[in-house]
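Dear colleague,

Please find below the structure that I am passing on to you. My findings follow it.

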Amino acid sequence: MSTEATMLERCESKCELCGAESALSPFIVSPHSQVTVDHAIMICETCNGQIENPETVDVNHWRCLNDSMWSPVPPVQVTAWRQLKKLSESEAWATDLLDMMYLEEDVAKWAEIGMDDDDEKPRDINGVELKKGDDVTVTKDLPVKGTNQVIKQGTVIRGISLGDDPRLVSGRANGQSMYVIAEFCRKK
Ligand SMILES: [Zn+2]
């Protein structure tokens with residue numbers, strides 16, 4: 001099943017934030033950049049528009065977080081937390097909900113990392129910042145662009161380098177130099 005089909009099944013074709021049954025599209029929860037089941041949620045145009053353009057926020061629309069903050073799905077929890085955090089600057093009810101909300105430690109860390117929109121650091125699958133010289137493990141089979149080769153899941157790339165694009169890291173594995181998407185690596 002495709003990622004999007006799996007997500008539609010998870011959300012029962014309802015917006016994972018407000019429950020609307022209108023057209024849904026995947027929303028990638030930063031600092032991640034790929035649509036995966038673990039890092040994206042299905043949301044409606046209203047939610048999407050107001051997240052992308054915070055100046056258009058209709059405060060009352062976000063009362064829906066009262067329900068969706070209890071979702072068992074981590075990327076939904078992260079998005080709900082971030083919205084409540086922003087709303088809590090002016091809305092007492094949002095502060096109250098935020099106080100009630102419970103996030104697992106790694107989910108809480110994810111929620112805070114992604115609040116910074118200018119965050120331009122390469123981050124691994126867990127949102128951990130990658131630095132020059134780190135060793136990483138590839139977390140899924142990745143095709144090598146322009147060839148029919150595949151970098152196998154579990155391949156270790158030692159001593160990575162960073163380039164201009166924060167989404168990519170480079171290094172050598174199996175005697176070859178390669179670029180891989182930071183998000184498909186795990187820091188060792
Ligand atoms: Zn919605």
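Two residues are taken to be in contact if their C-beta atoms, placed from the backbone, lie within 7 Å. On that basis, residues 24 or more positions apart make up 52% of the contacts in the protein chain with a separation of 6 or more.

The model is predicted: local features need pLDDT of at least 70, side-chain atom pairs count only at pLDDT 80 or more, and totals for chains, interfaces and linings use all residues. Residues are numbered from 1 along each chain as its sequence is written.

The C-alpha trace of the protein chain spans about 55 × 35 × 30 Å along its principal axes. Six helices and nine strands form its secondary structure; these are DSSP runs (helices H or I, at least four residues; strands E, at least two), numbered from the N terminus. Of the 188 residues, 28% count as buried, that is, with 20 or more other C-beta atoms within 10 Å of their own C-beta atom, placed from the backbone.

Among the buried residues are P75, W81 and L87. The buried residues of α4 pack against β2 (40-44), α3 (65-68), α5 (92-100) and α6 (105-113).

An unreviewed UniProt entry lists residues 6-52 as "domain: PhnA protein N-terminal proteobacterial". Over residues 6-52 the chain is 30% helix and 21% strand.

Notes
Buried ≥ 20, exposed ≤ 12 C-beta atoms within 10 Å, placed from the backbone. UniProt positions renumbered as here; feature names shortened; annotations may be inferred.
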